[in-house]
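Dear colleague,

Please find the structure below.

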Amino acid sequence: MNPIFLAQWMKEKRSPIMVLAFCGLSILATLLFGFGMDNRIKIGVFPGPGVEASVAKQWIEHLNEGDAIEFFLQDEEGARSDVRGSRADAAVQVMQNEYRLIASTQNPNVRLVEHHLRAVFQEELQLRAAAAYAADERGLREEVQRYLEQPPMAVEMRTLDGSELVRYDMGLQLLFTFTLFLAAFTVGFKLNAITMEKAAGIWSRMILSPVRKSEMYLGHLFYSMLIGFIQVLVVFLLFRFGIGFDMGDHFGMLILVAALYILAITAFCMLLAGIVRTPEQFNMVFPSLVPVMPILSGGYMPPGTITNPILLGISEILPLKHALDALTGIAIYDKSWLDILPSIAKLCIIAVICMGIGINLMERRRA
Amino acid sequence: MIEALELRKVFKGKTAVDDVSFYMDEGESVGLLGPNGAGKSTTISIISSLLRPNAGDVRLNGTSVLGKPQLIRQVLGVVPQEIALYQELSAYENLKFFGGLYRLGGKPLELKIQELLEMVGLRDRQKELIKTYSGGMKRRINIAAALLHDPKIVIMDEPTVGIDPQSRNHILETVRLLNRDRGTTVLYTSHYIEEVEQLCSRIYIMDHGRIIASGTKEELRRILSGEDTLILQLDKPSKRLTEELRALPPIRQVEETESGLKLIAAKQSDLLSQVVQTAERHQVQITSIHVQTPSLEDVFLHLTGRTLRD
């Protein structure tokens, strides 16, 4: 196994450009799309018929008291066009005492906006109703404000499973997505060395030598995995300790999950190499297939955006989806090994099945 | 030493090797001659245990190796038709890699590498990358890589395809050295008759997956002992003359050459006069006639009706 591993390393030393380029791309893509990203949902607000713009502005002031959603004044035509063109999740038409939510799809963001609108409008209208019966309306509002700043009891929001409600870090998800996605490219192209060596006759020479077939495969598999893993590790270390990304308190767990993902993606590439006939076919099929993975795995979108059951079903067979679930679970939600066990188990199953079928197909083709 | 018995290999319904049998004694240099697609490479792959035949057996010193490929692998060095080397590594690094596969290392490997580089005439260029080498130099390293473990038997699959005359001579000299001076058994496949004639003591001629003739050069030429080869130079080509000559009873084969015709015909006293008269009838002038002893090329033409390069 050692000569095969070392030969791959010597080739790498001669032309390290591919690994360096993919490393650089991971960093660049995350910096471009993820770093300093404004994660807030942006919702256009426009006044209804006969309503002054100043009324809409007043409502926007109330609505912007929370920090998860940003409401801004927009003309009606622009707001409707943004919703129609899916450039915005929703828009809001405000009247004197009511609102109308305009949305083209029902997604988690729309539900969140709807919930926020209802709460703000209810509170404001109740205040107004109370103020109508008070002699000193201004005094009443100030009293309520003071009361709310130091309430007799605090309400803490928690998720359905009882954990603390955490603000989702989309930048971190993008970092994981780009890094794992580009590592898949590195692993795939490195593993294609097997089909290249078969086509060049080097593989036959190795078969004739005392080296065992298992050693031949292991030499290539270990090398591809190691290069892919180092790439992920370098990017993670750079963002965690160099740029200062908040990756949670379990960096070691993240690294272990990344290693498991590399194993699964290596097996996935092996399956593909077993299906295709030539290295050229691999070079054609692989780069066409891999970019679909982060899209289907929801890597570029907030969680819950993909609701189509077919797409969700397809994503189940992709290692990237399970790796992202586990990584975001650890880094954002502080999940334990037990919590991410389903994702890890799925990665292991994918690794075993793909590797088994892939090597089998390769050997059958040779026979 | 090695015997192949009634080998048969079928790929997707197409028979690549059909009932091929042959043997090689220790220290022999045997040629496998045939045009492209004759089944030479498939036969070699079966003998070297890279392919399993559909029928037949391969024996090494009387023991079947089909179930125990390691028996033949440890005494075998195979030079494949393709350049089976890492293009991104130097000649030295390639040889070190292949030596490592044979569990060689340290000083013995170093000495062996230098000896082989000397043998193939590339010692002074060992640090250069393979991708910067000419086709001939790559082929020379391709041979060296198969000799690192001192194999008793070397199988060479068309080792001189597409290379310059200097490298070709070097390769032929290397094969001669291996066989004559070191006593290595060599199976040399080629579609270049002159190479096989120069290097091999016995020759098998293959076509369409079958062995159609075998023997020493003299034995093969004797197939045409009752025949003469006539090389005619004509002042102009004539299809009708060719057809009429082909119809003459003593003439077995007619092949068009660049400046005339090549005839293989039964030895007859009036053969020349018949040919001259036929040419006169068609108003074609024969500018020269050369009668020669049949070559292996003529034997192949006689057996298959076509030349090796067809």
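How many residues of chain B are in contact with chain A, and how many of chain A with chain B? Before the answer, please note that this is a predicted model, in which local features need pLDDT of at least 70 and side-chain atom pairs count only at pLDDT 80 or more, while totals for chains, interfaces and linings use all residues. Residues are numbered from 1 along each chain as its sequence is written, and chains are lettered from A and ligands numbered from 1 in the order in which they are written.

The interface

In the model, 18 residues of chain B are in contact with 17 residues of chain A; two residues are in contact if their C-beta atoms, placed from the backbone, lie within 7 Å. On the side of chain B that touches chain A, strand E6 (76–79) and helix H3 (91–101) of chain B are the elements that give two or more residues. Helices (H or I, at least four residues) and strands (E, at least two) are DSSP runs, numbered from the N terminus. H3(B) provides the largest share of that side, five residues. By type, the side of chain B that touches chain A has eleven nonpolar, two polar and five charged residues. Here Ala, Val, Leu, Ile, Met, Phe, Trp, Tyr, Cys and Pro count as nonpolar, Asp, Glu, Lys and Arg as charged, and the others, Gly among them, as polar.

Chain B as a whole

Chain B has eleven helices and 14 strands. Its C-alpha atoms fill a box of roughly 75 × 45 × 40 Å along the principal axes. Of its 310 residues, 43% count as buried; a residue is buried if 20 or more other C-beta atoms lie within 10 Å of its own, exposed if 12 or fewer, and partly exposed in between, with C-beta atoms placed from the backbone.

The sheet with E1 of chain B

One open sheet of chain B has four strands in the order E2-E1-E4-E5, with antiparallel pairing; two strands pair if DSSP finds at least two bridges between them. Its edge strands are E2 (14–24) and E5 (63–64) of chain B, each of which pairs on one side only. Strand E1 (residues 2–11) and strand E4 (residues 55–60) of chain B run antiparallel and are joined by five bridges. Within E4(B), Val58(B) stands opposite Ala4(B). Helix H1 (residues 40–47) of chain B lies across E1, E2 and E4 of chain B, at about 120° to E1(B). Axes are lines fitted to C-alpha atoms, for helices over the stretch in contact, and angles run from 0 to 180 degrees between N-to-C directions.

The sheet with E11 of chain B

Another open sheet of four strands has the order E12-E13-E11-E14 (chain B), and its pairing is antiparallel. Strand E12 (251–256) and strand E14 (286–292) of chain B each have a single partner strand, so one side of each is left without a neighbour in the sheet. On average, neighbouring strands of this sheet are turned by 20° against each other, direction ignored. Seven bridges join the antiparallel strands E11 (residues 227–234) and E13 (residues 260–266) of chain B; Glu227(B) has Ala266(B) in E13(B) as its bridge partner. Helix H9 (residues 239–247) of chain B packs on the sheet, touching E12 and E13 of chain B, and its direction makes about 160° with that of E12(B). H11(B) also packs on the sheet, where it touches E11, E12 and E13 of chain B.

Yours sincerely
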